Amino acid sequence: MKLSQEKYTELVAAARAARGGSYSPFSRFAVGAALLTEDGRIYTGANVENSSYSATVCAERVAIHYAVASGERAFSAIAVVGGAADEELPDECLPCAVCLQVMAEFCCGDFEIVTADSGGEIRVHTLEELLPRRFRL
Ligand code: THU
């Protein structure tokens, strides 16, 4: 754990707020993400679904691509909060493997993935833990 407890709490709160922007009429599973840059800026995203299904983009990738397209290249953590759209405090939601691979494009193994469960308990994982044998060119 490389950030303060206050920072993890702030990041989870930003992911919860971003989740409000989810467009998920097909799955009714709303996800929010908040990405922290190494110099302390936060970029948020929510999942945006599409009737063609495969065009759906996860919350994490919305946040990461927004940050990268804004010129950011160095990241320290991402908070992810997701679950049934009508649940205010869903249980822990971990990133899908595609999102983990996108994280691996820009982040090292010590990049942190921050989640919260329905009781509000914050958990900190690393990219190394969640995608230990990742693809590299
Ligand atoms: N989803 C995310 O936003 N992030 C993930 O890491 C996994 C899944 C979204 C995609 C889809 O809109 C919904 O959750 C159900 O799969």
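**Close-ups of a predicted model**

**View 1. E128 and R134 join up in a salt bridge.** In this predicted model, the two side chains come together with N and O 3.2 Å apart. R134 is buried, with a relative accessible area of 13%, because anything under 20% counts as buried. E128, at 39%, is partly exposed.

**View 2. D39, R41 and E72 make up one network.** Here the salt bridges share partners, and that links the three residues. In total, the structure has six salt bridges.

**View 3. R123 pairs with E92.** Their closest N and O atoms sit 3.0 Å apart. R123 belongs to strand β5, while E92 is in the loop between β3 and α3, so this pair ties together parts that are 31 residues apart in sequence. Both ends are partly exposed: R123 has a relative accessible area of 29%, and E92 comes in at 27%.

**View 4. Helix α1 has a buried face.** The helix runs over residues 5–19 and spans 21 Å from first C-alpha to last, close to what's expected for its 15 residues. Y8, L11, V12, A14, A15, A18 and R19 are its buried residues.

View 5. E10 is partly exposed at 39% relative accessibility, and K7 is partly exposed at 24%.

Notes. Residues are numbered from 1 along each chain as its sequence is written. This is a predicted model: local features need pLDDT of at least 70, side-chain atom pairs count only at pLDDT 80 or more; totals for chains, interfaces and linings use all residues. Side-chain values use heavy atoms; hydrogens and water are left out. Helices (H or I, at least four residues) and strands (E, at least two) are DSSP runs, numbered from the N terminus. The expected span of a helix is 1.5 Å times one less than its number of residues. Buried means under 20% relative accessible area, exposed over 50%, partly exposed in between (1.4 Å probe, protein chains only). The arc is that of the directions from the helix axis to the C-beta atoms. A salt bridge is a side-chain nitrogen of Lys or Arg within 4 Å of a carboxyl oxygen of Asp or Glu.
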